[in-house]
Amino acid sequence: MERAVPLAVPLGQAEVFQALQRLHMTIFSQSVSPCGKFLAAGNNYGQIAIFSLSAALSSEAKEESKKPVVTFQAHDGPVYSMVSTDRHLLSAGDGEVKAWLWVEMLKKGCKELWCRQPPYRTSLEVPEINALLLVPKENSLILAGGDCQLHTMDLETGTFTRVLRGHTDYIHCLALRERSPEVLSGGEDGAVRLWDLRTAKEVQTIEVYKHEECSRPHNGRWIGCLATDSDWMVCGGGPALTLWHLRSSTPTTIFPMRAPQKHVTFYQDLILSAGQGRCVNQWQLSGELKAQVPGSSPGLLSLSLNQQPAAPECKVLTAAGNSCRVDVFTNLGYRAFSLSF
């Protein structure tokens, strides 16, 4: 006589829904807390999760330490971008930016401090805000996205003070030249535009796809990521990931990477990039690929370097994208573990 095999207890509807959510999750944005001990991650469902980096990195860490301390509904649509000030987390969704107090977010039932909507051309227009950029010297925030414009908001008063127009398609990314009050923007129109914040004028345009060595027509002309360091800029997307000398508008290094890149940053004497594929790529400025470090997501959309001096024990690189996991790299050589929604 055969023994009866016990049937598995069916999952409740809530558990099934949560499992499906995690399966189809995309993490668009990350931001480290001012103290350096916490990481916020925003997903395609409008949720923000707060992870304790200090607990997850502790020698006594358990699996539970890699789960969020708190998760809350921040926006109705995806959380496309986030940045942190010395007190607040700022998050952007469809047509709105919200502010949250870091000290309050760790409590359950957190409510937004304020919500602002840029002055769009019509009340029916609700474009996504793809990029946020802090300008510390003038205590302002720059927003850009689906309406093809850059909006500047005074963080003290909450008022919008200027609009920069020039892009002909939606904007993907922003970067600040810290030594001069200038901002770079890149978008779907294939142009990187340099703006002087003193005059609110466009002072330089680089149409990357028009340079034969950078052009990859099969991938399109869009610029999906950029970063700047003094007179140098690195950008990529449809065109090849390329290092540019800004003063001369000259491409100096073409990085041999076929897959479109979605995030790039300067780090010490390296350039870190990520995009289609599982790996975080480490490049020498000369164009040599130093290392490719695999993560757990099939594609990456954001990298975050925690360099807060207040928490040197939490100095890590985190990478997130097309999964419910945030990979944590305690050094650039390997993935130590993953945080998970």
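**Close-up views of a predicted chain**

View 1. Buried denotes under 20% relative accessible area, exposed over 50%, and partly exposed in between, with a 1.4 Å probe and protein chains only. Strands (E, at least two residues) and helices (H or I, at least four) are DSSP runs, numbered from the N terminus. In a regular strand, side chains alternate between the two faces of the sheet. Strand 5 and strand 6 (residues 88-92) run antiparallel and are joined by four bridges; pairing requires that DSSP find at least two bridges between two strands.

The model is predicted: local features need pLDDT of at least 70 and side-chain atom pairs count only at pLDDT 80 or more, whereas totals for chains, interfaces and linings use all residues. Residues are numbered from 1 along each chain as its sequence is written, and side-chain values use heavy atoms, with hydrogens and water left out.

**View 2. Strand 11 between strand 10 and strand 12.** Five of the six residues of strand 11 (residues 149-154) are buried, so this strand is largely enclosed by the rest of the structure. Five bridges join strand 11 to strand 10 (residues 140-145) in antiparallel fashion, with Ser140 opposite Asp154. Three residues separate strand 10 and strand 11 in their hairpin, and Cys148 in the turn has a positive phi of about 70°. Strand 11 is also joined by five bridges to strand 12 (residues 160-165), again antiparallel, and here Thr152 stands opposite Arg162. The hairpin of strand 11 and strand 12 has five residues between the strands, with Gly158 in the turn at a positive phi of about 80°.

**View 3. Aromatic pairs, of which the count is four.** Rings of Phe, Tyr and Trp (its six-membered ring) pair if their centres lie within 6.5 Å; planes under 30 degrees apart count as stacked, over 60 as edge-to-face and the rest as tilted. The ring centres of Phe51 and Phe341 are 6.1 Å apart with planes at 85°, so this pair is edge-to-face. Phe51 lies in strand 3 (residues 47-52) and Phe341 in the segment after strand 28 (337-340), so the pair ties together parts that are 290 residues apart in sequence. Phe51 is buried at 0% relative accessibility, as is Phe341 at 11%. The rings of Phe255 and Trp283, with centres 5.3 Å apart and planes at 55°, form a tilted pair. Phe255 belongs to the loop between strand 20 (250-254) and strand 21 (261-267), and Trp283 to strand 23 (residues 279-284), 28 residues apart. Both Phe255 and Trp283 are buried.

**View 4. Arg221 over the ring of Tyr209.** The charged end of Arg221 sits 4.1 Å from the centre of the Tyr209 ring. A charge counts as over a ring if NZ of Lys or CZ of Arg is within 6 Å of the ring centre and within 35 degrees of the ring normal.

View 5. Ala319 is buried, with a relative accessible area of 0%. Not counting residues up to four places away in sequence, Ala319 touches (heavy atoms within 4.5 Å) several residues, including Gln30, Val280, Leu300, Arg325 and Phe329.
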